[in-house]
Amino acid sequence: MIERNIFRLVFQVFVTLAGVLFLFTCCNQPHSANSLRERISINEGWTFYKYESESEIDSLIYDVRPEIDHPNEIKDADSKPTEAVAAEANQMVLKPWILPSGNDFIKDPENRHIRPEGNPGGDFPFVQATFDDNNWTKVKLPHDWAIEGPFQTGWDSEVGGGMGRLPVNGVGWYRKKLDIPASDAGKSIYLDVDGAMSYAMVWLNGSLVGGWPYGYNSWRLDLTPYLQYGGENQLAIRVDNPNHSARWYPGAGLYRNVWLVKTNPVHVAQWGTYITTNEVSEESAKVSIKVTIDNKTREQVEVEVATEIYILDENDEKVGAAVASFDALKTLVAANEKATVNGSVVLKNPRLWGPRPTQQPNRYIAVTTIKQDGQPIDVFETAFGIRQVEFDPNQGVLVNGELIQLKGVNQHHDLGALGAAFNTRAAERQLEILREIGCNAIRMAHNPPAPELLHLTDKMGFLVIDEIFDSWERKKTPHDFHLIFSDWSEPDTRSFIRRDRNHPSIILWSYGNEVGEQYTGEAGAEVAQRLDDMVKEEDPSRPTTLAMNFAKPDMELPAVPDMIGLNYQGEGIRQDPEFERTDRIRTKPQYNAFRAQFPDKMIYSSETASAFSSRGFYTFPVTDAISSIARDGRGGDSEAAHVSSYELYAVDFGSSADKVFGMIDRHPFVAGEFVWTGWDYLGEPTPYYQARSSYNGIIDLAGFPKDRFYLYQAHWRRDFPMVHILPHWNWPERVGKVTPVHVFTSGDEVELFLNGQSLGKKKKSEYEYRLRWDDVLYQSGELKAVAYKNGEVWAEKMIKTTGQAKKLQATADRSTVAADGKDLSFITVQISDEEGLLVPCTNNPIKFSIEGPGEIVATDNGDQTDMTAFPSPERKAFNGLALAIVRAKAGEPGAIKVKAESAGLKEAIVEIRSQ
């Protein structure tokens, strides 16, 4: 032990001297940008181990957690959050050593944490370089340890439907060797983690470095003091994901990208640039920048900061010469401190960023160079956009002077069959399909997203509400964020804002969703005010908001945020007579009440609808109401665990899309809506908790549109000629029975034909969003809808009774993918009759196989009740459709053939190329 300590002391002296030498040479020799700052992906080459049972788990815990006596996840999603339960520490916890990791984001130095002496876990085998991990699983990041399953079934399963019935809970370890060359001596070297679920703690070469509990935040640790230059370094990360910690599927492990960042000791700080734009017009815009410089040396230094602005194209490449330059600024930076410089410049004829389809998401990139003694020591790039956003309480959101109605959706962070492990192409596909319905805005529910998702919203022209917390001090589940809120709410909030504040797509910061503090009056408002103040200190350029499902206009909480976000309250909650004399939330429509109380605040619906459906599933009779709760015989089928796709049924506190449209149209001061949800997501399978995934999406988990997709498309894209008929027309058991036909169209009237005979022409009345023929007697044959607009034919659609299933048909969303080991092709397989028409209600088993340099990473079908593990190459179709997700192998270009087979059906083959 004494010899080891002597060695470490000598080594640290060497590193310090090398750093001094490095600083001396870097000030006297020119450096390319690559030699000044490196950001290196370290996603490859990890080994992973997860304890099989709770009894095996090591004792290296962040903190104790309260015991759970009677976990109950079968409760309404809007149940009242409850007070925290105290837990007594009866063993050593590592929390005191982890808390200092957040110090850079704690404003008051008096509140920053001092690291105790000692090195907890330093003698644990998994953190040692000599430990043999050859029997561990080899993984590549991002990695979600739970998504491969198996699904857990039954009411007594360890993980229930709320968290997706997948093995998310437990403790896992990740190990990786880092080769740090001797030439890096003197540099500052950081570990950047985009997200680790959750309670991550990091050791390097046997020393505890730090960690971060909140699984959705991005964070950085300084590895420099612990590195051994000129050889291998052993990195070990422990991740602890508790059960009953979320209301939806959280994923598990190192599920986002991980980076090694190398800089000179004097450099732009983490997320150290802040760019704002104002006085924006087509002729000019004022661009302001703040640059924070971090000095990791023991000497005060003088630096010069210069920034140039370039146009950024759709491929993230700089175009041409700089279009503007900030004046170079000099500043002194004290030893081991930070300093900030400010500058501004007027850019002529700016290319404005705005949401599609009426505007273009033009972007710029600011290139900041730090010089010392005339020599560059760091170069840092910041993408941004120039736009003017106004929030009018009488109209809504104006972007660059144009009124943009919010046609938004809420999105949880999972990627369906790929789980929480972030993949850029999968996220891009989600946004592409949402754009087809006319969606122009995303609410990040209810946590910071992967950084790459915001990069996509910037490029694709979506507006974003960026949200951080689902709970504060009061709990929704026994082990959720409330356990760490008191210690981490400030570091989490400030780091969240600093990471994301340069994204032009973000228009609002949300720091809470349906929090329990809605119920606590002045005390809850004080918590909100503290968070609101933090957000505005980090970014005063954007307004703040909260999503409120209980708070009323006369309560304290709504007075705090700048904008009023209402969850379901605009339409009214549980106004049906059957909810009288219950203890559930019951609320009359609130738009007018909030407007009267807050006439100067913009009001929008942060969550609407929460409607239910299972794609291609229909029940009878059909309600004659425009919105109904789901029960057996009323759109629901508890035996099948599915909800009717007539798209009239919703959660008890929600409403159909039709009802929401009508309420917003009747209140033109409401800025728009964010539907719950755009896509189905893993977990929270209300109303059938024995299922695996939600029923709320406009699009199912596999990416197949439900009928509701076309209802939103008809309303949100009124200039897009379309008409949609439901249900399908294969009902041999319903011959002569009433089988209602509903039609969605962007036109204003429709004539419906059955086997060539007109069933009449109907025109939409005010606040009517579908046309209904509720007395149609079923007979096989052909249904045809002819839509009109302003008296002219607008669109036509025909569906008909199909023949027997005869073949499979396969199509790829893209025929060419990159051979990078990341890019994906999504293969849709349809069960068809001889004419190529989709045969509804077919659930044939399909077997997928592949030839060439690719692999099938997952399959799905959108069925909320299907418990087949996602990696399985065999999958039943669900109402005629199934999906295979194919990934090209890295560095192996070539033809990839995917075959789909099913007994008694003609096989389908689709070819894609990786290049």
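I began with helix α4, whose buried residues pack against β22 (406–411), β23 (441–444), α5 (451–460), α10 (707–716), β44 (824–832) and β48 (881–888). I keep in mind that this is a predicted model.

Which residues of α4 are buried? I found R425, A426, A427, R429, Q430, L431, I433 and L434. I then checked the length: the 13 residues of α4 (424–436) reach 19 Å from first C-alpha to last, close to the 18 Å expected. At the N-terminal end I saw N423 as a cap, with a side-chain oxygen 3.0 Å from the backbone nitrogen of R425. Just after the helix, G438 has a positive phi of about 100°.

Next I looked up D748, in the loop between β36 (741–745) and β37 (749–754). D748 is buried but has no salt bridge. How far away is the nearest side chain of opposite charge? That is K763, at 5.3 Å, and a salt bridge needs the atoms within 4 Å. Instead I noted that the side chain of D748 reaches the backbone nitrogen of N790 at 3.0 Å.

Then I searched for salt bridges and got 49 in the whole structure. One of them joins D104 and K338, with the closest N and O atoms 3.4 Å apart. D104 lies in the loop between α3 and β3 and K338 in strand β16, so the pair ties together parts 234 residues apart in sequence. D104 is partly exposed at 44% relative accessibility, and K338 is partly exposed at 39%.

My last entry is D539 and R542, whose salt bridge has its closest N and O atoms 2.8 Å apart. Both D539 and R542 are buried.

Methods:
Residues are numbered from 1 along each chain as its sequence is written. This is a predicted model: local features need pLDDT of at least 70, side-chain atom pairs count only at pLDDT 80 or more; totals for chains, interfaces and linings use all residues. Side-chain values use heavy atoms; hydrogens and water are left out. Helices (H or I, at least four residues) and strands (E, at least two) are DSSP runs, numbered from the N terminus. Buried means under 20% relative accessible area, exposed over 50%, partly exposed in between (1.4 Å probe, protein chains only). Lys and Arg count as positive and Asp and Glu as negative; His and the chain ends are not counted. A polar contact is a pair of N or O atoms within 3.5 Å; within protein, one must be able to donate a hydrogen and the other to accept it, and residues adjacent in sequence count only if both atoms are side-chain atoms. The expected span of a helix is 1.5 Å times one less than its number of residues. Contact means heavy atoms within 4.5 Å.
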